[in-house]
Structures are given as C-alpha cells and as structure tokens.
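Reader: I would like to understand how the terms in a structural description are decided, so please set each value beside its definition as we go.
Author: Gladly; here is the structure that we shall discuss.

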Amino acid sequence: MIGDVRETKECQLKDPMDLFHSGQVVKICAPMVRYSKLAFRTLVRKYSCDLCYTPMIVAADFVRSAKARDSEFTTNKVGDHPLIVQFAAKEAQVLCDAARIVCPFADGIDLNCGCPQRWAISEGYGACLINKPELVKDMVRHVRSQIDNPKFSVSVKIRIHEDLKRTVDLCQKAEAAGVSWITVHGRSIEERHQPVHYDAIKIIKQSMSIPIVANGDVKTLKDAENVHHLTEADGIMVARGLLANPAMFAGYEETPFQCIQDWVDIALEHGTPFTCFHHHLMYMMERITSKQEKKVFNVLSSTSAVLDYLNDHYGV
C-alpha cells in the first residue's frame, strides 16, 4: 500500500514537535494491534485527535518482506498526518532501515519499549528493552544520524521500573541520544490492571527537558485533563478509551451516533475487512446498547447484516 503513496509527488508531512510547542496538551491515539489502522485513524482525527500511531510493526519483517510492508503500513498523502510508525526492534541498523523506508510517508517513528506480551519479550522486543538503556540509546542515535530530515521525530514508549531511578536513567540516556519525546505507560512490566502510577510519570517529567506523554487508563476527556494535572505531561495517549468512544477527545461522554455513521462511511470507503469493521462497532456501541441488543449485534456475520441492523435500530 505504500506504493499508492509513492506515486504521488509529495506527502503533506508535518513536524510532530510543532504540536508539543503549541502550548496545548497533545491528544494522541495509541498504537493498538489490529485497531489503529488508517480507517480508525481517519475517524479519530475527525474528533480532535492531534497525533496518531500505527499498530506496532516488527521492524525486521518489515525490512525483509515487501508483503509485510504492504499489509502492515497503509497511509494516504493528505489527511493521515502527523503520523508516527511504531516499530518493535532490537538492532539499531534494522530500526534505521525500517525508518528509512517509512520516512517519505510518515512524520516519525517510535521504538516500542513497553509491550509486556510474552512473545515480544522472548524475542527481545518491547518492555524488556527498558532493562537495556545503552541499546535504546544506540538505536535512537543511529536513526538520528541516518535520517536526513531534521523534522522526522524519533520517540520511544516505555513502561516503568519498580526502582524509578532506573527509569529516569533510561529516559535521560535516550534524551542525550536525541529522542524527540518519551511516552510513559505508568505501570511496570508485571502490572496489568493495577492502578497507574501517575506520580512516577510526574517524577520522570520533572527530570527531563523533552516532552513527556502520559499513558494508562484514560477513558474520558475529563480523565485526560486530570492526568495532565497530576503528571504535568505534555501529551496524553489513549488506547481503549478511544476504541470505546472515538469522539472522546472532542468531549463526548459516549460515542455519538454521528461518529458511528462516520465510521461506517470511512470503513466502507477504505474497504476495511469485516471483522475489524464489526469489532470497532462492538467497542463503540458497548455503552449505548442493552445486553439483549449486544447478543444480537455481536454475532452478526456480514457487512450487509450490520448495515441493516444499524439502519433498523438507529437510523444509521
């Protein structure tokens, strides 16, 4: 799909750092496996989302295989910016090669140092990198030195250590290597549903001179404002909260019907596979449908059945 972009003269690239210099808290859609693809990014951008990430892509596969590039990375030249491509990587040169491929079509890359899934950690990706600060520093420095465009951002997304001094040290090493900003998910590798340590994010923020983005358990715009207040973070990144309500950043308490209509239009226009199209609707309608309605809606098995249901029940 990159090929479609390449035929055009110029992508309308943007400097993501302009957002952090705007004086406003930057509202960010997180990298989500299967979900934060072009169609969904198009939807949340309509509802006040400032910056979007792709789902995590394994850099080695992306560099090696044209098929992986076509299936993993889709964008367009006008509306899908600023865009950050998130990579899982464990070798500096592989990350650089991946960055070089996406550089003409995206506004930055992000190194995933936060994924706690067993497969990622056993492969040497994701959250295990928080224990390898020299490697993280080396990867950031390599990309910085090999990408000519000074506006191309290089960020990292991390989890925290039990001993916060280690996290601050990691962040300071990344900053010294030229990282643009750091997103902090305020939980350790072992923590899943425990409360987020917003106090830790605040300490990291106070120890750094680059922007810090807070991530974890933000479900509403009010939550985002509270987390900004608690952490002093420059940006707020949201995952599940946006799945449940893509209009969250625009201040809606629950998904408005117009947003559901927009999703239908965008998904059909992009040729979104049925499972993804349907799953997004299941998330979006979670709070606005009864148990009985869910029983019916969640087992629908074709786009036409979903469209008929939405039309009959909601006039969408």
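Reader: How do the residues that line the second largest pocket divide into nonpolar, polar and charged?
Author: They divide into 10 nonpolar, 9 polar and 4 charged residues, where Ala, Val, Leu, Ile, Met, Phe, Trp, Tyr, Cys and Pro count as nonpolar, Asp, Glu, Lys and Arg as charged, and the others, Gly among them, as polar. This is a predicted model, in which local features need pLDDT of at least 70 and side-chain atom pairs count only at pLDDT 80 or more, while totals for chains, interfaces and linings use all residues. Residues are numbered from 1 along each chain as its sequence is written, and side-chain values use heavy atoms, with hydrogens and water left out.

Reader: What makes a space a pocket rather than a cavity?
Author: On a 1 Å grid over the protein atoms alone, a cavity is a set of points where a 1.4 Å probe fits but cannot get out, whereas a pocket is an open set with protein on both sides within 12 Å along at least five of seven lines; a residue counts as lining when it has an atom within 4 Å of a point. The second largest pocket has a volume of about 450 Å³, a volume being the space filled by probe spheres set on the points, which are joined across faces, edges and corners. Its lining has 23 residues, and Arg34, Lys37, Thr272, Pro273 and Cys276 are the closest to its centre.

Reader: Which domains supply the lining of the second largest pocket?
Author: At least three residues come from each of domain 1 (16-250) and domain 2 (257-314), with bounds taken from an automatic or database domain assignment.

Reader: What is the volume of the largest pocket, and which element gives the most to its lining?
Author: The largest pocket holds about 840 Å³ of space, and helix H12 gives the most to its lining, with 3 residues. Helices (H or I, at least four residues) and strands (E, at least two) are DSSP runs, numbered from the N terminus. Of the 31 lining residues, Pro31, Met32, Arg159, Ala239 and Arg240 lie nearest the centre of this pocket, and the lining has 14 nonpolar, 9 polar and 8 charged residues.

Reader: Why is the contact between Asp61 and Arg64 called a salt bridge?
Author: A salt bridge needs a side-chain nitrogen of Lys or Arg within 4 Å of a carboxyl oxygen of Asp or Glu, and the side chains of Asp61 and Arg64 meet at 2.7 Å, N to O. Both residues lie in helix H4 (residues 59-64), 3 residues apart, about one turn of the helix. In general, side chains of opposite charge can pair when their charged atoms come close.

Reader: Which parts of the chain does the salt bridge of Asp217 and Arg187 tie together?
Author: The side chains of Asp217 and Arg187 meet at 2.8 Å, N to O. Asp217 lies in the loop between strand E8 (212-215) and helix H11 (221-231), and Arg187 in the loop between strand E7 (182-185) and helix H10 (198-207), so the pair ties together parts that are 30 residues apart in sequence. With a relative accessible area of 2%, Arg187 is buried, whereas Asp217, at 32%, is partly exposed.

Terms used: Buried < 20%, exposed > 50% of the residue type's maximum accessible area, 1.4 Å probe, protein only.
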